[in-house]
Amino acid sequence: MHESDIQTLGRVRRVLRERIRPAVYSAAHPLSIASHGVNGEPIAVADGISAPYREFAVGDAWGRAWGTTWFRLTGVVPPEFAGRHLEIVFDLGFDRSKPGFQAEALVYRGDGTPVRSLHPLAQWIPVSRTAARGERIEFFVEASSNPLILDDDDPFRVTLEGDWATSNEALLYRVQRADLCVFEEEVFDLVHDVEVLLELAEQLPAESTRRARVLVGLGRALDRLDLTDIDGTASAARETLAPLLAAPASQTSHRIAAVGHAHIDSAWLWPLRETVRKVARTASSMVTLIDEHDEFVYAMSSAQQYAWLKQHRPEVFERVRQAVAGGRFVPVGGMWVEADAVLPSGEALIRQFTYGQRFFRDEFGIECRGAWLPDSFGYSAALPQLLVGAGFEWFLTQKLSWNERNPFPHSTFLWEGVDGSRIFTHFPPVDTYSSQLSGAELALAARQFREKAVASSSLAPTGWGDGGGGTTREMIARARRLADLEGSPRVSWEKPDAFFARAKEELPEPPVWRGELYLELHRGTYTTQHAMKQGNRRSEVLAVEAELWSAAAAVRVGHPYPYDALDAIWRDILLLQFHDILPGSSIAWVHREARDRYADIATRLEDIVGSALGALGAELDPDGDLSVNAAPVAAAGVRSGAIDAAAPARVSIESRDDGSILLTSGSISAQIDADGLVVHLIDLASGRDAIPAGSRGNLLQLHQDFPNLWDAWDVDQHYRGTRRDLAEGASVRVEGTAVVVERSFGNSSIEQRISIGLDGAALVIDNRIDWREREKFLKLAFPVDVFADTALAETQFGYQTRATHENTSWDDARFETHAQRWFLVQEPGFGVAFANDSTYGFDVTRVERDGRITQDARFSLLRAPRYPDPETDQGVQTMRVAIVPGADVAAATATGHLVNASRRTVRGTALGPLVASSTPAVLVSAVKLADDRSGDLIVRVYEALGARAHATLQVAGRWSDGHRVDLLERITGAVPLTQAADASSIAVDLRPFEVATFRLRRVDSGR
């Protein structure tokens, strides 16, 4: 770089920073301030406006952690301001480097009408463009004093500020300014003329002609600018820059579709109650921007957030409704929340779509055409089928730009799922969901766009996010200058659907990515906050069971179907699947509330199940002689969906002279040594021992766990370098047909109850852990004598393969991965299945023993990160795991369902299933009544084994017609019914892992 260039750049930066930008407000007049403090829960807007206020001054402190302060700003327009464009500048003292985290205030007029939000980079309140002398000014500001949990100076420090109960009572902020100001529009425009050209020059090659001319032009513009009279000479400076801004972009320049956006985490470093207010603040500002700027388009996801507006801020929701009708406030995503896309069950993911789209359809008369998940921590290979099945045409995320090792090879592509379904997908190469349209971002997007040889368009979600804030007028000003500017990508505001339609035209034969979108980061979220995982899994199972028995009772005896109750429960479950709640990466307040919600969900669902079973003549009784099987596979001789007498497997137990204990059923035998470890696990049918000679399973392994960053999120590969095997010092005893093992380690203790269960085919270990460790990772290891390069891991409605070797950087990056309910290590003719009821993380590693390749399979049980919740997982945790020797995919699938199934007994009369499949290859996923409350029966099945399958579905009762429907329960075609005296049947042919949904109408429905 030449010295003259360095001087020019330095000059422009300083003048812009210290002279031009401050001159946007040419005069200021102080306002009077009064305040009203609120500790505890926020109060209604009307109450805040009418509350008693006390005097307050600039420089005064306000707001303890998680409190609310209402401010009243009053004054009159002084004579010298008459006829001028006036704004209030109200600086609450927030951190200017955190606009997306401290969008914490909403301005109201005296009648309660919302005006706009305030955040550190948008501190202005509009007053008047032609103010009258003596005009009275009054505004009210509801400001939240939320603590800054993620501090750039010390980002992952242990803090107690994440819960009201443990937070500091000291006042956090000081008001820095409260002035009525004259807004100089010409200076504002000069700011953005200079800024856009400066940032362009910073990105252009040093030898570029365009760069040289931009720098010369900037220097000449500053020569014409009187630094003591910025507003008086701004026009002259702008005249100098106008030709540079008018130079058009080249025909081949990259094209960026800017979409106004504010990624608002439904909970994270703030509780749910704060998100309600964050959404209201951001939405208020965005509809105001839409009113003021004809070209601006804003997109907002998450039906839950719209529902919060409707419930808590109806005046804001009404403005949003009008903006949606106008076509420039665009609902996107079609989901209830931006959920985690790895951990929820297949049914839960479907309900994210059904409840999300139903809300948008009912409230706005639209359905979203694309799924929008910019920040979830990886994406299941099941998603393409579910997205296509729910009617989506496209999918967007950018999270894989966070990969630690392997850059993702595509920006725009077809994503092929586990069943072969494909969906058009875009990864914005701008690598952020909070673009500011800066020169650096635009240059990065153009440089990183992978398909530039055949296409030229990418999307940029534009606006401050995480905690809201959204797009600013400064971003809109930049976009205008970047619409057609030489040397820069072309920028235009565009609706997401329009961008995707154009992207498809540009790329008629896109590249294909097959399988999951694994995020090479945040691997700890498969395990962190065990109570979230357990609560979610239990809620998913119970909700599907409640639907099954409620549908059976409705069809068979006319019992009222609990539509409202189930809808409310599902919405609660879906909310808790948000991508910082279920993964365990939120503050203590969030997880405390979630634990309470999960307990309440379980109570409500148990009530529904009990009521439906009672209507069917089956009264719950712990000593009842009939078993209730809601699982999609048979259990102890009871068919799926039936109530019948169980035939449990016989199990024997023998204490041996060497101190070991032998458990035996008709299918397996297990030998537990005096240390409580499994030395033999034999499949009796084949005679194979799953445990390698000389090795021991049920081995607890404790690792140091202190990642480089992102404590709750990350497990770094270096954790494997420190390991303690908990192999000694156990107390072992026999209780009935179970072996009880107790051991202590560190400050913690564990009790394991080892038995043979699940029809005698599985070694079942019920763990009760009093967990008191810090920054530790607990694994449960089983060495297995299996030769394999891969393991199979269940995903939603199927399974995927996981390499157990480290041949490539992609394989090595998957050192910790996830499964739904089970994973399977197998060679031809023999496998070992591992299932659990409440965790998702696992790893399988190839190990040489005595010259033979074996595998170490490990469940991830518990972690103990201290940020953002310093008490993560502390206390008693329970979990059940099951190990099946001699297993194949069918056995692994059945085990996964059974280990998670409710265990109930009743007294009454045996009852056959409402819906039955003729083959274990085709499993029933859901039986329910239709969402439209027509009384039609919905039956969903899936192919579970990874092969083509034919099945007959038998449905008890008389049915007039049947249809194949999509996941939103819309008819796609008729299916023939075969009628019998007391049942109807449907012939089903499925591709590997295909999900199919059917709708049946009762003969007596009257429709």
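In what order do the six strands of the open sheet run? That is where I will start, and please keep in mind that this is a predicted model.

The order is E3-E2-E5-E10-E7-E8, and the pairing is antiparallel. At the edges of our sheet stand strand E3, residues 54-56, and strand E8, residues 114-118. Each has a single partner strand, so one side of each is left without a neighbour in the sheet. On average, neighbouring strands here are turned by 30° against each other, direction ignored.

Now one pair in detail. Strand E2, residues 32-38, and strand E5, residues 67-76, are joined by seven bridges in the antiparallel sense. For valine 38, the bridge partner in E5 is threonine 68.

A helix also packs on this sheet: H6, residues 272-292. H6 touches E5, E7, E8 and E10, and its direction makes about 110° with that of E8.

In soluble globular proteins, nonpolar side chains tend to be buried together. The largest core in this model has 211 residues, and the members touching the most others are Ile20, Phe329 and Leu937. Helix H14, residues 530-557, supplies the largest share of this core, with 13 residues.

What does isoleucine 20 contact, leaving aside its neighbours within four places in sequence? The list is Val15, Val187, Leu190, Val191, Val194, Leu222, Leu225 and Ile230.

Finally, there is a second, separate core of 46 residues. Among its members are Leu702, Trp771, Phe842 and Leu862.

How values were computed
Residues numbered from 1 in each chain as written. Predicted model: local features only at pLDDT ≥ 70, side-chain atom pairs only at ≥ 80, totals over all residues. Heavy atoms only, no water. Pairing = 2+ DSSP bridges. Helix = DSSP H or I, 4+ residues; strand = E, 2+ residues; numbered from the N terminus. Axes fitted to C-alpha atoms, helices over the stretch in contact; angles between N-to-C directions. Contact = heavy atoms within 4.5 Å. Core = buried A, V, L, I, M, F, W, Y, C linked by side-chain atoms within 4.5 Å. Buried < 20%, exposed > 50% of the residue type's maximum accessible area, 1.4 Å probe, protein only.
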